[in-house]
Amino acid sequence: MEGSSSCDVLVAFVGKPSAGKSSFLNAGLFSVCKFTALNAYSSSLAVSDASAKVGNFPFTTIKPNHAVAYVPLDCPCKRFGKESLCLPRYGRCINGTRFVPLRILDVAGLVPGASEGKGLGNQFLDDLRTADALIHVVDVSGTTDQDGKETVGYDPINDVDWLRSEIHDWIFNNLWKKWGSIVRRHTATKASFAETFQSQFSGYGANLQIINKFLDKASIKEPLEQWDVNLVHTAVDAFLDTRFPTIVVLNKVDLPASDKNIDRICRKYDASKIVLGSALAEVFLRKLHKQKYIHYYEGTDRFDTAEDQVNPTVEEKLKPLDDKIRGRLEKVQDLVLFRYGSTGVVDLLKRVIEVLGLIPCFPVRNINNFTSGVFSDLPSGGRHNGVFRDCMFVKPGTNVREFAKLVHPEIERFYLYAETVGGIRLAEDDLMTPQNSIISFKTSQNRD
């Protein structure tokens, strides 16, 4: 199963400079970020070169930061009582909670006029071409203006509106400037809508499935020759919704002016695509967890301190809190955890999976004992070839044979058949679903 680290899904963090994109990236990557100081809960972070650069000024992120976040989900090892034998090749599994890698891109900050080349606009928009979904980080406190500079009283609703507008204009302008020749070619070749738009939108990573879905959403019946500028705008809107589903993260919820802005934004937009959060609070809690001042339960409002422990082992023993750290923890509890139930970071990662409809799949070599044939050291001692070594996020509509190729091209090349739990054979054109997500491929090259 070498090569099955994850899937080809890529999620891009977008938004204006200094909204908190890089802070969210650091918060979701605590296992690979190295923090150099307990600089804690403030407007800046001390981070190493392994992390995304953070700063309260425009264009802190000049080049895209490529990284990996870890999404928590239920691992099948718990269902089958094999938690002690679960040895993920990538990510980790803790008591049946699996942390699965997901590729993340933190792109350069966007400013108004990006579609016309202002700021880092052209670079920013080109960086989006390979993303499957967008996470729009908004400074809901209103303490940074449209260019990412410090201010007071700025209306963050402007940010929600103009980011979509900039991406829309980028796509529309590219399409409209050659619209006449597109229509002439469409008519001359008697092409279908799908054929014409696949040709035009392939540069945005759109396959035929996406093209058909956006055309259904647009519901435009008029012949292409009759489309005016308004119909083209309607088509671009439908394409944007389909190709770049977006979750809005209202960041900095702990700052004083945030409450009134949160209420206004949630009343104006689809609440199912809004997440409330504080990236700096999450980073702070994870730093204290790593430095053994607290035991933080990710995605909840809970953490333990040394005072909560009863007869801990040497490994589990936490450090006592000084007054400064205790005060900052109480502030995080009052302004974030008790008010919103969590910092929002884990909720955000889970929401991405839901919006994209991704299916976590577990390719194994042996469908009876769920092993993959590679021996490793167990945490409890001894060696075992491990269960559920691999987990991959699969896009909806992927069939069994396509998934085989994702796991490894050689599996698809020498493919014989596939089976799921209970030895049930799967047809190669069966779609991958949660019900057949544990899967074993048999090939003409199998050695066992």
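Reader: Let's start with strand β1, residues 10-14. How many of the five residues are buried?

Author: Five of the five. So β1 is largely enclosed by the rest of the structure. This is a predicted model, by the way.

Reader: Which residues point which way from β1?

Author: L10, A12 and V14 point one way. V11 and F13 point the other way. All are buried.

Reader: What does β1 pair with in the parallel sense?

Author: Strand β4, residues 97-106, over four bridges. The bridge partner of L10 in β4 is R103. β1 also runs parallel to strand β5, residues 133-139, and four bridges join the two. In β5, I135 stands opposite F13.

Reader: Stay with β4. How many of its ten residues are buried?

Author: Eight of the ten, so β4 is largely enclosed by the rest of the structure.

Reader: And which strands pair with β4 in the antiparallel sense?

Author: Strand β2, residues 65-74, pairs with β4 that way over ten bridges. There, H66 has L105 as its bridge partner. Strand β3, residues 92-94, is also antiparallel to β4, over three bridges.

Reader: What sits between the strands in the hairpin of β3 and β4?

Author: Two residues. In this hairpin, N95 takes a positive phi near 50°.

Reader: Where else is phi positive in a residue other than glycine?

Author: K190 is one of them, with phi near 55°. It lies in the loop between α5 (179-189) and α6 (193-201). S219 is not a glycine either, and its phi is about 55°. S219 lies in the loop between α7 (208-218) and α8 (229-243).

Reader: New topic: the core. Which residues touch the most other members of the largest nonpolar core?

Author: F24, L102, I135, L348, F388 and F393. That core has 41 residues. Helix α12, residues 345-356, gives the largest share of the core, six residues.

Reader: What is L102 in contact with, leaving aside neighbours within four places in sequence?

Author: V9, V11, A67, V68, A69, V71, V352, I353 and F393.

Reader: Helices now. What span should the 15 residues of α8 have at 1.5 Å a residue?

Author: 21 Å. The end C-alpha atoms of α8 are 21 Å apart, which agrees.

Reader: What do the buried residues of α8 pack against?

Author: They pack against α4 (157-176), α5, α6 and α7. The buried residues are L231, V232, A235, V236, A238, F239, L240, T242 and R243.

Reader: And α10, residues 279-290: how far does it reach from its first C-alpha to its last?

Author: 16 Å, close to the 16 Å expected at 1.5 Å a residue. α10 has twelve residues. Nine of them are buried, and the helix is mostly covered.

Reader: Which ones are buried in α10?

Author: A279, A281, E282, V283, F284, L285, R286, K287 and L288. Just after α10, K292 has a positive phi of about 65°.

Reader: Zoom out. How many helices and strands are in the protein?

Author: 14 helices and 16 strands. The protein has 448 residues, and 50% of them count as buried.

Reader: What share of the contacts with a separation of 6 or more comes from residues 24 or more positions apart?

Author: 72%.

Reader: Where is the pLDDT below 50?

Author: Residues 1-5 are one such stretch. Beyond near neighbours in sequence, they have 20 contacts in the model. Residues 30-62 are another stretch below 50. They have 94 contacts in the model, again beyond near neighbours in sequence.

Note on methods
Residues numbered from 1 in each chain as written. Predicted model: local features only at pLDDT ≥ 70, side-chain atom pairs only at ≥ 80, totals over all residues. Heavy atoms only, no water. Core = buried A, V, L, I, M, F, W, Y, C linked by side-chain atoms within 4.5 Å. Buried < 20%, exposed > 50% of the residue type's maximum accessible area, 1.4 Å probe, protein only. Contact = heavy atoms within 4.5 Å. pLDDT = per-residue confidence, 0-100. Expected span 1.5 Å × (residues − 1). Pairing = 2+ DSSP bridges.
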